[in-house]
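I opened my notebook and kept the structure on screen while I wrote. Here is what I looked up, entry by entry.

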Amino acid sequence: GLYDVSNPASPQKLAEASTAGGGNPGMFLNGSQLYDSSAGLTILNTSNPNTLSVTGTYSNPLNDIQRVAVSGNTAYLYDFGNTTSLATVDVSNPAAPLLEGSLGILRDGTPTNSGGYVSDMAIVGNRAYVSCGAFVSVLDITNPSNPQSLGSYTNYSTATNSDSTNSYCVAAMGTTIYAAAQDEPTNLPVLVVLNASNPAAI
């Protein structure tokens, strides 16, 4: 649903729309289009906050979408544990999204056609930084129909002295990558800061 939060103490619902499922909710707002990944990909028009309407939908090749990110006319859908862990979808026409390309990424950041694991992703320009297991994989998305792996950042054990640290969230700004992880032996949260031009932890 859409809420008016001009008064944070008393949010007011403006409109709501129903999507087909209730899996792993992920949302991304791009202009007046809201991208919802709780049931495949649903694109909603928010230009009139009082009338939230579905513009288009897409049944994806992923078994269970975790999140969605949008850059330009391309939506990036990702999940973990399936053959295809990243799918790129052309949303230049929100009413008729089209699959552009796909890529599997293993927990060590290796591209594959037989499995995949992605827990989060951040996009900066023509690069996508993908959180996968104990690595952050770097993709060249200059051509969304054919994303290419450029390699992966050093295992978090370099920065945390642990061999079993799993990343869950990643964010990027400029040339700095922030990866939130959990050290599994201790269950303690870990924040690793990476330089996009140098695969070592800062």
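**Ground rules.** I am working with a predicted model, where local features need pLDDT of at least 70, side-chain atom pairs count only at pLDDT 80 or more, and totals for chains, interfaces and linings use all residues. I number residues from 1 along each chain as its sequence is written, and side-chain values use heavy atoms, with hydrogens and water left out.

**Open sheet.** I looked up an open sheet of 4 strands, in the order S3-S4-S5-S6 with antiparallel pairing. Strands here are DSSP runs (E, at least two residues), numbered from the N terminus. Strand S3 (27-30) and strand S6 (53-58) stand at the edges with a single partner strand each, so one side of each has no neighbour in the sheet. From one strand to the next, the twist averages 20°; the axes for such angles are lines fitted to C-alpha atoms, and angles run from 0 to 180 degrees between N-to-C directions. I then checked S3 against strand S4 (residues 33-36): they run antiparallel and are joined by 4 bridges. Two strands pair if DSSP finds at least two bridges between them. Met27 has Asp36 in S4 as its bridge partner.

**Charged pair.** How many salt bridges does a search of the whole structure find? It finds 1, a salt bridge being a side-chain nitrogen of Lys or Arg within 4 Å of a carboxyl oxygen of Asp or Glu. Arg127 and Asp140 form a salt bridge, with their closest N and O atoms 3.6 Å apart. The pair links distant parts of the chain, with Arg127 in strand S13 (residues 127-132) and Asp140 in strand S14, 13 residues apart. Arg127 is partly exposed, at 26% relative accessibility (buried is under 20% relative accessible area, exposed over 50%, partly exposed in between, with a 1.4 Å probe and protein chains only). I also noted that 5 of the 6 residues of S14 (residues 135-140) are buried, so this strand is largely enclosed by the rest of the structure.

**Thr74.** Is Thr74 buried or exposed? Thr74 is buried, because its relative accessible area is 6%. I found Thr74 in strand S8 (residues 74-78). Leaving aside neighbours within four places in sequence, Thr74 is in contact (heavy atoms within 4.5 Å) with residues including Val89, Glu100 and Pro144.

**Ala171.** My last stop was Ala171, in strand S16 (residues 165-173). Ala171 counts as partly exposed, at 39% relative accessibility. Ala171 and Tyr129 are 42 residues apart in sequence and 8.1 Å apart in space, C-alpha to C-alpha.
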